[in-house]
There are 2 protein chains.
Amino acid sequence: MSDWPPEYDDRYLPPPGARYWFRERECQDPEARERDVLRKIQAAMAWAWERAPFYRKKWQAAGLEPGDVKRLDDFSKVPVVTKHELREDQAARPPLGSYLCIPREEVRRIHGTSGTTGKPTAFAIGRADWRRSANAHARIMWSFGLRPSDTVFFGSFFSLYLGGWGALAGVERLGATAFPFGAGVPGQTLMALRWLREVKPSAFYGTPSYGLYVAEKARAEGIDPKELGLRILFFSGEPGAGIPSTKRRIEETYGGACVDTGSMAEMTPWMTNAECEFRSGMHLWQDIVYTELLHPETKTVLRFGQEGVPVYTHLERTSQPMVRLWSGDLATWTDEPCECGRTYPRLPRGVYGRVDDMFIVRGENVYPSAIEEVLRATEGLGEEYRIIISRNDAMDELVVQAEVRPEAGARPGGLEALRADVAARLRAVIGVRATVQLVPPGQLERTEFKARRVIDSRELFRELTTR
Amino acid sequence: MSDWPPEYDDRYLPPPGARYWFRERECQDPEARERDVLRKIQAAMAWAWERAPFYRKKWQAAGLEPGDVKRLDDFSKVPVVTKHELREDQAARPPLGSYLCIPREEVRRIHGTSGTTGKPTAFAIGRADWRRSANAHARIMWSFGLRPSDTVFFGSFFSLYLGGWGALAGVERLGATAFPFGAGVPGQTLMALRWLREVKPSAFYGTPSYGLYVAEKARAEGIDPKELGLRILFFSGEPGAGIPSTKRRIEETYGGACVDTGSMAEMTPWMTNAECEFRSGMHLWQDIVYTELLHPETKTVLRFGQEGVPVYTHLERTSQPMVRLWSGDLATWTDEPCECGRTYPRLPRGVYGRVDDMFIVRGENVYPSAIEEVLRATEGLGEEYRIIISRNDAMDELVVQAEVRPEAGARPGGLEALRADVAARLRAVIGVRATVQLVPPGQLERTEFKARRVIDSRELFRELTTR
């Protein structure tokens with residue numbers, strides 16, 4: 001494919017009233033799109049085969065070479081890549097491993113995972129990749145309603161995590177104004193509120209946890225979050241914005257649209273799962289990053305309507321292209337039309353769990369997001385909660401701690417009725433009995449960044465008993 | 001001036017072996033440069049006069065209009081601008097005041113002061129300004145030896161503070177690799193060390209305090225900071241890197257060049273005070289930002305060799321141009337030639353104090369930087385110190401607390417000899433007696449960002465007695 005990697009005109013903007021950035025690509029007939037995707041997959045695989053010992057070795061071991069992908073169906077023969085493999089390859093050939101496909105001097109940025117749960121992974125992004133990704137971001141932001149006249153407040157952490165940097169590059173490419181405030185420094189949220197009231201940005205970017213935290217701080221200061229005048233709040237880094245009850249809570253709190261975006265750190269700065277202005281689940285922008293949904297065990301490609309693991313392939317990245325990267329996330333996909341007219345498949349419920357986050361309590365699969373959904377939908381509960389799984393003799397114990405709102409005690413039946421109500425709803429949704437504990441407002445520690453709300457103390461129990 | 005504002009070719013790079021980015025501008029005959037500077041001042045003033053009620057009102061009140069600046073000498077008639085005036089103007093016309101000289105939709109970024117000591121000031125930077133400033137940064141970075149083959153670790157905070165963002169834009173414009181790690185999050189420094197050892201960047205950017213803090217953490221982990229292989233460490237946000245003994249300590253610690261840069265938050269993203277590779281004081285890049293040194297009280301322009309207050313004028317900024325902004329800093333300037341061959345004036349001792357930071361103890365002017373210089377030059381002392389001024393009845397008390405190194409007690413004469421030595425040196429340099437207290441290593445709180453090491457409790461005393 002001679003026109004790969006693609007180049008974009010960095011000055012292009014759609015006409016002001018246009019719904020689409022690139023109408024032909026976004027509303028393309030899915031079969032025609034698949035032909036284009038196939039050519040891009042072939043080009044990306046040939047690129048990686050020539051330059052990345054990591055891929056060549058992996059594909060050779062599977063008895064494959066790029067020429068073997070002649071139809072899109074053939075792509076399912078290509079083995080998936082796991083994060084574990086990437087980490088191992090980097091450990092063997094530090095710091096960037098053997099899958100960097102551009103000369104070192106063309107690397108514009110180095111980022112990485114926070115490495116809080118193991119050896120960190122380093123990411124390298126090339127100069128041309130950065131520009132392509134900014135174009136992709138701007139195009140996707142256009143689909144959820146951002147325009148050059150917007151001012152975007154960034155309540156996200158600017159450090160190793162690439163998501164916020166990619167969004168910033170997108171906002172700048174779009175020609176909107178960026179106000180990169182940051183996050184993560186203790187005590188900074190009151191100052192964020194002061195600036196939100198002063199500068200009056202029209203859009204907010206961060207994690208859903210942080211969005212809710214800012215609202216809580218605002219109320220504590222006697223400010224109705226609606227007064228801030230945020231028209232669009234878009235999120236990544238956590239699944240919350242795709243959980244219907246959390247989305248509703250954010251929209252009711254701020255009076256603005258809550259937009260879910262985000263795929264995986266290894267795919268960033270691209271962020272090609274994103275809701276459009278109609279917010280009926282994230283579209284998969286297949287012409288930029290090709291996403292498949294695979295069965296968690298057999299790894300076969302699933303039909304629309306089924307639940308499985310998103311697997312991602314960069315179609316426009318030359319630096320560290322990911323080819324069939326296993327996310328470990330859980331989602332359902334659909335090809336039902338969206339009101340916006342784009343013909344991309346969608347994840348109608350977002351990314352709502354992880355194959356490995358999912359935990360088993362007394363034989364039942366339990367997703368933390370299902371518990372969050374119940375809690376957010378219950379009136380009288382506050383913003384924060386904890387899920388604690390422990391073992392009482394041979395039996396799993398599931399404890400859900402939820403903060404109540406100050407006024408909750410005044411309800412008919414008081415706190416005990418509320419507690420019983422939550423327990424009954426949880427039982428109905430997750431299928432197992434949980435011990436519900438209501439705790440006073442503000443008692444649970446706030447998470448300003450990626451929420452870590454599930455505590456599985458069985459792990460500790462196992463560790464202690466097997467040593 | 002029809003070619004104002006200037007435009008730069010964003011792809012230009014000097015040939016690899018070149019010492020200068022723009023030889024003709026950097027080595028220009030000073031008189032010829034002054035003619036060019038005059039034309040740029042005239043253009044910038046005309047621009048501001050047409051667009052900024054703030055400047056028009058101010059200049060009209062002084063009986064001036066832009067056409068009155070016919071020779072460079074006339075410029076001294078233009079009244080200086082203080083930060084206080086900018087804050088007041090923004091308070092009256094929030095959020096950006098009446099000195100924004102571009103349409104709101106051309107603003108690319110909004111930043112601001114942290115506002116820790118009063119109402120914050122908001123900064124707006126235009127799209128074209130951002131590109132011009134990135135070009136200026138890259139050019140200045142070239143002068144202190146950064147090249148496209150370098151990888152720069154950013155140990156600075158990405159938030160409201162513009163300095164780090166400007167440096168990042170400069171590194172990217174230069175074509176070097178940026179690794180924007182960030183700072184300011186508790187506990188992050190150990191992770192920074194891990195990444196420094198893994199990725200092996202060749203350059204470091206941050207505050208001098210943070211540079212020394214990283215070295216201290218490294219030693220505590222059994223790592224010699226020299227092993228990190230940093231070739232260039234450049235700093236802004238604090239004056240330390242220009243204090244000879246601090247510079248020496250940083251260079252001896254890391255085995256790399258310590259480069260001082262930085263002017264004022266209101267001047268950023270431009271940072272046109274910067275040392276070249278010879279590190280003999282910051283050059284004033286007069287063709288980008290025009291700097292004068294004024295007498296602290298009479299506000300007349302001082303001759304070379306004298307000490308006064310730097311006053312800055314943007315020559316290439318269209319968004320919020322500063323025309324004669326009073327820094328309140330203290331410096332000495334010289335036109336003695338530098339080994340690099342550039343004909344810019346220099347601040348041979350950097351910015352070493354503030355008119356308002358300077359405190360008076362028993363009738364003597366004392367600069368915190370002079371105390372720092374003595375402490376850094378004394379063997380056996382650690383990284384951290386505090387200066388406490390209090391009042392004992394009617395007498396000022398000056399207490400200097402300094403951390404010792406673990407091995408200091410083993411010196412001949414022990415700690416008492418060290419204490420007496422520091423007290424004698426301080427007396428000789430600052431002219432007043434100070435009570436010196438040596439404290440164990442690690443006892444004083446570390447400052448990861450802007451060092452706040454002077455505690456003047458007389459203020460409190462005054463407040464309490466005048467209410």
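Student: Where in chain B does Pro269(B) lie?

Tutor: In this predicted model, Pro269(B) is part of the loop between strand 7 (257-260) and strand 8 (273-274) of chain B. The peptide bond joining Thr268(B) to Pro269(B) is cis, with omega about 5°. A cis peptide bond also joins Trp4(B) and Pro5(B), where omega is about -5°. Pro5(B) is placed in the segment before helix 1 (23-26) of chain B.

Student: What is the phi of Lys200(A), and in which loop is Lys200(A) found?

Tutor: Phi of Lys200(A) is near 55°, a positive value in a residue other than glycine. Lys200(A) belongs to the loop between helix 7 (188-199) and strand 5 (203-206) of chain A.

Student: Is Arg324(A) buried or exposed?

Tutor: Arg324(A) counts as buried, because its relative accessibility is 1%, under the 20% cut-off. Its phi is near 60°, again positive in a residue other than glycine, and Arg324(A) lies in the loop between strand 11 (307-314) and strand 12 (325-326) of chain A. Lys200(A), by contrast, is partly exposed, with a relative accessible area of 48%.

Student: How is the packing of two helices described?

Tutor: One gives the angle between the axes and the distance between the axes. For helix 5 (residues 127-143) and helix 6 (residues 163-174) of chain A, the angle is about 75° and the axes are 7 Å apart. Helix 5 of chain A is therefore roughly perpendicular to helix 6 of chain A. Residues making the contact include Trp130(A) and Met141(A) of helix 5 and Trp165(A) and Leu174(A) of helix 6. The contact residues divide into 10 nonpolar, 4 polar and 1 charged.

Technical notes: Residues numbered from 1 in each chain as written. Chains lettered and ligands numbered in written order. Predicted model: local features only at pLDDT ≥ 70, side-chain atom pairs only at ≥ 80, totals over all residues. Heavy atoms only, no water. Axes fitted to C-alpha atoms, helices over the stretch in contact; angles between N-to-C directions. Helix = DSSP H or I, 4+ residues; strand = E, 2+ residues; numbered from the N terminus. Parallel < 35°, antiparallel > 145°, perpendicular 65-115°, else oblique. Contact = heavy atoms within 4.5 Å. Nonpolar A, V, L, I, M, F, W, Y, C, P; charged D, E, K, R; others polar. Buried < 20%, exposed > 50% of the residue type's maximum accessible area, 1.4 Å probe, protein only.
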